[in-house]
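Trainee: Here is a new model on my screen. Walk me through how to read it.

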Amino acid sequence: MRHGVIIGTGSYTPPHVMTNDDLAGMVDTSDEWISSRTGIKERRISAGESTSDLAYEASLRALKVSGLSPEELDLIICATITPDYFMPSVACTVQDRLGAGNAAAFDLSAACTGFIYAMVTAEQFISTGMYNNVLVIGAETISRILDWDDRSTCVLFGDGAGAMILSAAEGPGHILGSVLTSDGGKQDYLTCPAVSLVNPYTGDSNAKCDPHIKMQGQEVFKYAIRAITDCIDRVLNKAGLSLQDIKYILPHQANKRIIEQAAKFSNSPFEKFYLNLEDYGNTSAASIGIALDEMIREGLLIRGDKIILVGFGGGLTSGAVLLEY
Ligand code: UT7
């Protein structure tokens, strides 16, 4: 059966580092609070680069590793909740800048679970035979939708992009199982409004719009632990494997305490979980792509290793992919 095999990954984060001490100079917080409550020490914040700029750099690196030419790409999917524009999509901008003239391109919105949703979507296009080479991107400039006066959210996030190229092949490197979930009933836990509905019929009654992230932190915290635990369990069942078969679990990088609790509830050693949130904070749809690229470049994964990628976020959404690298 045809599957999508990872033939290249890449990532890019803006050069400007914002430390916890920098934040302590902006809002009533401290390195001690942020480190102990989240595990985050610093994050990268765009000093002018757009989401498509970050996505393009990450994609260029993934493309170089893959050995493909841009013209060989059939499809580009970009997971993001911070596109440059409502239209065109980030994926279309990246397509043009790469010179990937034969690729279809679209964005996908599943918040911090976006990279997982995009990978699973790419795999469907490949396994049905419609496309051979798909570029999957997770890219965000979350700093644009943060309220920099709200200490309960602005300390958590960072900007960045991760990319991956899946290519049709047989053999190791493909998805052995996947799970996607949504719970729109919990949408109020994590929101960011878009442009208000104002037209000749509404007057300006709905004109007030605060385009910043609002979060019920503790509710999302509890949801995240359950989501990681459930998704790991379900994706293992789907693939007919057990935790012993898995070398690493790569969770969405939101909070070290969430991951510690999830490790406990899934009876998995914490050491199995890969973390880099200390350096980047929560980069939303980009976090799993950035971390996977880092793991591969550090030589932590060799062909045949099995890894679970697991995400959760706004929507609320969650999902996991069990991958044989
Ligand atoms: O990608 C998915 C998106 N989001 C997440 O995964 C986030 C999930 N939630 C969390 O990670 C945690 O709930 C937070 C890190 C956001 C907050 O941690 P917490 O342990 O749940 O803290 P809390 O909200 O219960 O707040 C405890 C105290 C409060 O003060 P009082 O009322 O006890 O006096 C907050 O006002 O900490 C205060 N606080 C802060 N203090 C210093 C909240 N943010 C800060 C801050 N610095 N940055």
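Mentor: Start with residue classes: Ala, Val, Leu, Ile, Met, Phe, Trp, Tyr, Cys and Pro count as nonpolar, Asp, Glu, Lys and Arg as charged, and the others, including Gly, as polar. This is a predicted model, where local features need pLDDT of at least 70 and side-chain atom pairs pLDDT 80 or more, while totals for chains, interfaces and linings use all residues. Numbering runs from 1 along each chain as its sequence is written, and side-chain values use heavy atoms, without hydrogens or water.

Trainee: What volume does the largest pocket have?

Mentor: On a 1 Å grid over the protein atoms alone, a pocket is an open set of points with protein on both sides within 12 Å along at least five of seven lines, probed at 1.4 Å; lining residues have an atom within 4 Å of a point. Volume is the space filled by probe spheres on points joined across faces, edges and corners. Here the largest pocket holds about 1,200 Å³.

Trainee: Which residues lie nearest its centre?

Mentor: F157, L190, T191, I213 and M215, out of 47 lining residues. By class, the lining has 27 nonpolar, 15 polar and five charged residues. Helices (H or I, at least four residues) and strands (E, at least two) are DSSP runs, numbered from the N terminus. α7 gives the largest share of the lining, four residues.

Trainee: Why does the largest pocket lie between the domains?

Mentor: Domain bounds come from an automatic or database assignment. Domain 1 (3–170) and domain 2 (176–324) both contribute lining residues, so the pocket sits between them.

Trainee: Which residues come nearest the ligand?

Mentor: Near means a heavy atom within 4 Å. Of the 23 residues around the ligand, T29, R37, Q218, N255 and N282 come nearest. Next, look for polar contacts, pairs of N or O atoms within 3.5 Å. A polar side-chain atom of R37 lies 2.8 Å from a ligand oxygen. For N282 the distance is also 2.8 Å, and for H252 it is 2.9 Å.

Trainee: What should I check in the backbone?

Mentor: Most peptide bonds are trans, and most residues other than glycine have a negative phi. Here M87 and P88 are joined by a cis bond, omega about 5°. P88 is in the loop between β4 (75–79) and α4 (90–98). G315 to L316 is cis too, with omega near -10°. A111 has a positive phi, near 50°, and is in the loop between β5 (104–108) and α5 (114–127).

Definitions and conventions:
A polar contact is a pair of N or O atoms within 3.5 Å; within protein, one must be able to donate a hydrogen and the other to accept it, and residues adjacent in sequence count only if both atoms are side-chain atoms.
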